[in-house]
Amino acid sequence: MERPEPGAAGEDAMDSFLEKFQSQPYRGGFHEDQWEEEFEKVPLFMKKAPSEIDPNENPDLACLQSMIFDEERSPEEQAKTYKDEGNDYFKEKEYKKAVISYTEGLKKKCSDPDMNAVLYTNRAAAQYYLGNFRSALNDVKAARKLKPCHLKAIVRGALCHLELKNFAEAVNWCDEGLQIDAREKKLLEMRAKADKLKRTEQRDIRKAKLKEKKEQNENEALLQAIKARNIRLVSEAVGQDEDSDSEGLDEIFLDGLSSDNPYGARLNVDEQGRLSWPVLFLYPEHAQSDFISAFHEDSRFIDHLMVMFGETPSWDLERKYCPDNLEVYFEDEDGTELYRVPPKSTLLQVLQHPRYFVKALTPAFLVCVGSSTFCRNYLQGRKVHQVK
């Protein structure tokens, strides 16, 4: 029996394989109209890897990934692989993906403190560029616990403190880094910037405190001036008047003195110690109003009415709002009774009336045409007193 020559069987198999192409075409090749898309599926020629790898769509890539992140490899090797992957993402400015990679590396809990310090420091850098300065700061603190003299961690920590406006802490971190490397340019520049900002912040704080103290003194003087004139205040917040003998009430009024009312004006005192009030005139017939930002306490009502109605307002179509025709009233605290104000009275005289209560530090008065039908109907059924 003759034995086949070496290689004869292999040649016969190859011949048989090649003969198939004559009877049936190869079905695994690229299509002419889709070759670029199919070429992109080959891991070696991919321009960009998919963010999520589906083993069914990219079996070759999934196989490579399983080889890279093989759980049988040591935690140190796996941590290094994730660190390198994170670095690649960082170079491409894919900071979110870089954070994920560094986090996966830390999850491996490798026993190399230097590797873990690098992972924390690199993740801090990625968080910094994402604007997560507090998270970045926490990471560099963790890195320094593992490696206290890690200069990169110190630099990034100082940067985080600078962004968080912790200027004093930024200076401290820079000083600690300069003890390691006294010529580190970034730390020298950052320290100068942080120290300048710290001094500016401290100056602004001092100025703000002085301003606050000055305003507090002025407001306390205003409150004492109001009390000295026997002017009664009422706080809408608590529904009590100034005579309630409550220390908390004084605080409420002081807060009100510190802020502008909705019209942008506030009570003030001149060099002679005289008060000027923000005053509101209401015209119920037409649902209109006027605001006087500084009604001097010694000014008369008629003086303001002469100025305000020197020209006919656009809403007065009947042209009846003339100073001589106008009557001024104020309501008592409950709003049930009215008091007619003599036009020649000064503001102070009216504010000192025992039935007048200043609400929200803004005196308010009702103005209407005395001879009008509206005024008669408006006053009907209400008790009206004449202020002397």
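With a relative accessibility of 25%, Arg274 counts as partly exposed, a class that lies between buried (under 20% relative accessible area) and exposed (over 50%), as judged with a 1.4 Å probe on protein chains only. The model is predicted, so local features need a pLDDT of at least 70 and side-chain atom pairs count only at pLDDT 80 or more, whereas totals for chains, interfaces and linings use all residues. Residues are numbered from 1 along each chain as its sequence is written, and side-chain values use heavy atoms, with hydrogens and water left out.

## Salt bridges

Arg274 forms a salt bridge with Glu297, and the closest N and O atoms of the two are 3.0 Å apart; the term requires a side-chain nitrogen of Lys or Arg within 4 Å of a carboxyl oxygen of Asp or Glu. This pair links distant parts of the chain, 23 residues apart, since Glu297 belongs to the loop between β5 (288-296) and α12 (301-308) and Arg274 to the loop between β3 (268-269) and β4 (275-283). Helices (H or I, at least four residues) and strands (E, at least two) are DSSP runs, numbered from the N terminus.

Lys320 and Glu285 form another salt bridge, in which the closest N and O atoms are 2.8 Å apart. Here too distant parts of the chain are linked, with Lys320 in the loop between α12 and β6 (326-331) and Glu285 in the loop between β4 and β5, 35 residues apart. Salt bridges with shared partners join Arg229, Arg274, Glu297 and Asp298 into one network.

An α-helix has 3.6 residues a turn, so residues three or four places apart point the same way. In the whole structure, 18 salt bridges are found.

The accessibility of further residues from these pairs is listed below.

| Residue | Relative accessible area | Class |
|---|---|---|
| Glu297 | 0% | buried |
| Lys320 | 19% | buried |
| Glu285 | 22% | partly exposed |
| Glu104 | 25% | partly exposed |
| Lys107 | 55% | exposed |

## Aromatic rings

The structure holds 18 aromatic pairs, meaning rings of Phe, Tyr and Trp (its six-membered ring) with centres within 6.5 Å, whose planes count as stacked under 30 degrees apart, edge-to-face over 60 and tilted for the rest. The pair of Phe295 and Phe301 is tilted because the planes stand at 55 degrees, with ring centres 5.4 Å apart. Phe330 and Tyr339, by contrast, are stacked, with 5.0 Å from centre to centre and 10 degrees between the planes. Phe295 and Phe301 are both buried, and Phe330 and Tyr339 are buried as well.

## Helix α6

Helix α6 covers residues 113-129, and its 17 residues should span 24 Å at 1.5 Å a residue, which agrees with the 25 Å between its end C-alpha atoms; the expected span is 1.5 Å times one less than the number of residues. Because 12 of its 17 residues are buried, α6 is largely enclosed by the rest of the structure. Its buried residues include Met115, Leu119, Arg123 and Tyr128, and the buried residues pack against α4 (75-91), α5 (95-107), α7 (133-146) and α8 (151-163), where contact means heavy atoms within 4.5 Å. Just after α6, Gly131 adopts a positive phi of about 85 degrees.
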